[in-house]
Amino acid sequence: MQEDPDRPDVIARPPLILVATIALGLVLNFFWPTRFLPPAIVTPLGVLIILFAIALGISAVEEMLAANTALEVRKPSTEIVTSGVFQRSRNPIYLGMLLLYTGIAILANSLCILVLVLPFAIILQKGVIEPEEAYLEQKFGDKYLRYKAKVRRWI
C-alpha cells in the first residue's frame with residue numbers, strides 16, 4: 001500500500017502519546033510515589049491549569065473547524081490557521097496537551113508524573129511538530145514561512 005504524501009509523517013497521534021506518557025507516569029508513581037507540593041495547593045492549582053489547558057484546546061479546535069481544516073494529523077491540511085490562539089502560538093493544541101499533562105501531575109501531586117513532561121514535550125517536538133512543520137512548509141511554501149516567522153512555536 002502506498003503512503004499518502006499529503007499529510008505529515010508523524011510518529012503517532014498526539015493524544016496517544018499523551019495517554020501513553022500519563023500511563024507511564026502513573027506506573028512510576030505506583031512504584032515510587034513522590035509528593036512535591038503542599039496538599040493545600042494541589043487541587044486548586046491542578047484544576048486551574050487543567051481548566052486553562054482545556055480552554056486553550058477548545059479555542060484552537062474551534063479556530064481549526066472555522067477554517068475547515070483537518071484536526072487529525074494524518075489527514076491533509078487545507079489551510080494555515082492564523083486567527084485566534086494561533087496568533088500567539090503555532091501549536092496551541094500541543095501547548096494545551098503539555099498544560100493538561102502538567103495539571104494532571106500537580107493534581108496527582110506526583111513528581112514521577114511531572115518529570116515526564118519534558119520527555120513528552122521532546123517527543124511532541126521531534127516526532128510530531130517538526131514533521132508537521134516540514135509538511136506545511138512543503139505544502140504552503142511562503143504563506144507558512146511568513147506565519148512561522150511571525151508566530152512562535154510554543155508561546
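Predicted model: local features only at pLDDT ≥ 70, side-chain atom pairs only at ≥ 80, totals over all residues.
I began just after α3, where Asn109 takes a positive phi of about 50°, and I noted that this is a positive value in a residue other than glycine. Helices here are DSSP runs of H or I with at least four residues, strands are runs of E with at least two, and both are numbered from the N terminus. Asn109 sits in the loop between α3 and α4, and I read it as buried because its relative accessible area is 7%, where buried means under 20% relative accessible area, exposed over 50% and partly exposed in between, with a 1.4 Å probe and protein chains only.

Residues are numbered from 1 along each chain as its sequence is written, and side-chain values use heavy atoms, with hydrogens and water left out.

I then looked at Asn68, which lies in the loop between α2 and α3 and also has a positive phi, near 60°. Asn68 is exposed, because its relative accessible area is 64%, whereas Asn109 is buried.

Next I went through helix α3 itself, residues 92-108. I checked its length: at 1.5 Å a residue its 17 residues should span 24 Å, and the end C-alpha atoms are 24 Å apart, which agrees; the expected span is 1.5 Å times one less than the number of residues. Its buried residues include Pro92, Tyr94, Leu95, Tyr101 and Thr102, and what covers the buried residues of α3 includes α1, α2, α4 (111-114) and α5 (117-140).

Leaving aside neighbours within four places in sequence, Thr102 is in contact with Leu114 and Val117, contact meaning heavy atoms within 4.5 Å. Thr102 and Ser77 are 25 residues apart in sequence, and their C-alpha atoms are 29 Å apart in space.

I turned to Thr21, in helix α1 (residues 14-31), which is buried because its relative accessible area is 11%. Not counting residues up to four places away in sequence, Thr21 touches Tyr101, Leu116 and Phe120. A polar atom of the Thr21 side chain lies 2.7 Å from the backbone oxygen of Ile17.

On the surface I found a nonpolar patch formed by Val47, Leu51, Ile54, Ile58 and Leu107, with about 410 Å² of accessible area together. Helix α2 (residues 39-66) gives the most to this patch, with four residues.

Last, I noted the overall figures. The protein has six helices and zero strands, and its C-alpha atoms fill a box of roughly 50 × 35 × 25 Å, taken along the principal axes. Of its 155 residues, 41% count as buried, and residues 24 or more positions apart account for 77% of the contacts with a separation of 6 or more.

Methods: Polar contact = N/O pair within 3.5 Å; in protein donor to acceptor, adjacent residues only side chain to side chain. Patch = residues over 30% accessible without salt bridge, like charges linked within 9 Å, V, L, I, M, F, W, Y side chains within 5 Å. Areas by Shrake-Rupley, 256 points an atom, 1.4 Å probe, with all protein chains shown as cover. Salt bridge = Lys/Arg side-chain N within 4 Å of Asp/Glu carboxyl O.
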